[in-house]
Amino acid sequence: METKVTPEQLKALLPSICERETSQDSNNWSPENPLWGHCAVVSLVAQNLFGGELLRGSLTEVPGFEHMRSHYWNQLADGSIEDFTKPQFRERYPSGLKAEPRDRSYVISYPETVKRYKLLVFRLAKALSNHNPIFEDVIYQKCFYAALDSPCQKMKFGCVLTRNGKEVCVSNNHFIEPLKSLCEPKCIRLSLASRTESMLGACGHAEEFVMWEAVRQGVPLNECSLYIAGIYPNGLPWLKKEAADHTCLRCSVQMYYAGLQTIFVPFVDRWVGLSKEQSISGSLAYAIKEKKV
């Protein structure tokens, strides 16, 4: 089940997850003012959670803050205005900022911003999961970060393929160009029951992309294992709690024919390995609606 977070909960957690590495102004960041230099990435995280618009105001003429150039805050989907990093200014909050809507694509067009944003999303997910030990696993981290790059509106997946314990390739679910219109502007799968009608959609699946990349590299798939993890569109993790299974019949069939050694899925706080036969039997139950995600 998708975790729900309130604006108040986010405000309470931010001081513990905002650090020097996630600050735009790391030289002036301090533990005493942890939100310093975080407005852009925190606003992106808040938009993930609460929807709405990103708002931007210029700081170029605000004494003492000129070097920061701009400040971001949020108009939430319910119309309310929230500035989640307002405490960074303390008693010197710049008044009279002119709010200008900013498209998300503009904010994430800067590679360093994306890097800081992804790290902050990961830290929030970890904190909300009560510091689940799976977040310390390097392969899970790679799956998580790959999933964040997915454009999918319904569920984002990241996948790592390994051979003899070494990484072969990493990918996520993303558009197949000739099918892209199926998700413009609204993903067709939002109207379908999860794990059914698996061939209908605009995205190739993360498992498919890593297997084909291995084929292109000449790597024998029957010597490989696959790790797959999902996150919701709000950036929070999908950790299986009821059953350790693979849920996509479309991918399970391909993994079976590829002869993969093991398919790993995140269950509660660890990876659980499935055989290709177990993957098929588990995903079939979802396809015929014996199970629901």
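Tutor: Start with Tyr227, which lies in strand S9, residues 224–231. Keep in mind that this is a predicted model. Is Tyr227 buried or exposed? Its relative accessible area is 13%. The cut-off for buried is under 20%, so Tyr227 counts as buried.

What surrounds it? Set aside its neighbours within four places in sequence. Tyr227 then touches Ile139, Cys143, Gly158, Cys159, Val160 and Thr162, along with Phe264 and Trp271. Now pick a residue from another part of the chain. Glu8 is 219 residues from Tyr227 in sequence. In space, the two C-alpha atoms are 34 Å apart.

Next, turn to the helices. H2 covers residues 39–50. It has twelve residues, and at 1.5 Å a residue it should span 16 Å. After H2 comes Gly51, with a positive phi near 70 degrees.

Two of those partners, H1 and H4, also meet each other. Their axes come within 10 Å and cross at roughly 115 degrees. H1 and H4 are therefore roughly perpendicular. Their crossing is right-handed. On the H1 side, Leu10, Leu13 and Ile17 make the contact. On the H4 side, the residues are Leu120, Arg123, Leu124, Ala127 and Leu128. By class, that gives seven nonpolar residues, no polar ones and one charged. An α-helix has 3.6 residues a turn, so residues three or four places apart point the same way.

Now look at another pair, H6 (206–217) and H7 (249–258). They pack at an angle of about 25 degrees, with axes 9 Å apart. That angle makes H6 roughly parallel to H7. The crossing here is left-handed. H6 contributes Glu207, Glu208 and Met211 to the contact, while H7 contributes Arg250, Cys251, Gln254, Met255 and Ala258. The classes come out as four nonpolar, one polar and three charged.

H1 and H4 are roughly perpendicular, whereas H6 and H7 are roughly parallel.

Terms used. Residues are numbered from 1 along each chain as its sequence is written. This is a predicted model: local features need pLDDT of at least 70, side-chain atom pairs count only at pLDDT 80 or more; totals for chains, interfaces and linings use all residues. Side-chain values use heavy atoms; hydrogens and water are left out. Helices (H or I, at least four residues) and strands (E, at least two) are DSSP runs, numbered from the N terminus. The expected span of a helix is 1.5 Å times one less than its number of residues. Axes are lines fitted to C-alpha atoms, for helices over the stretch in contact, and angles run from 0 to 180 degrees between N-to-C directions. Angles under 35 degrees count as roughly parallel, over 145 as roughly antiparallel, 65 to 115 as roughly perpendicular and the rest as oblique. A crossing is left-handed if the near helix is turned anticlockwise from the far one by less than a right angle, and right-handed if clockwise. Contact means heavy atoms within 4.5 Å. Ala, Val, Leu, Ile, Met, Phe, Trp, Tyr, Cys and Pro count as nonpolar, Asp, Glu, Lys and Arg as charged, and the others, Gly among them, as polar. Buried means under 20% relative accessible area, exposed over 50%, partly exposed in between (1.4 Å probe, protein chains only).
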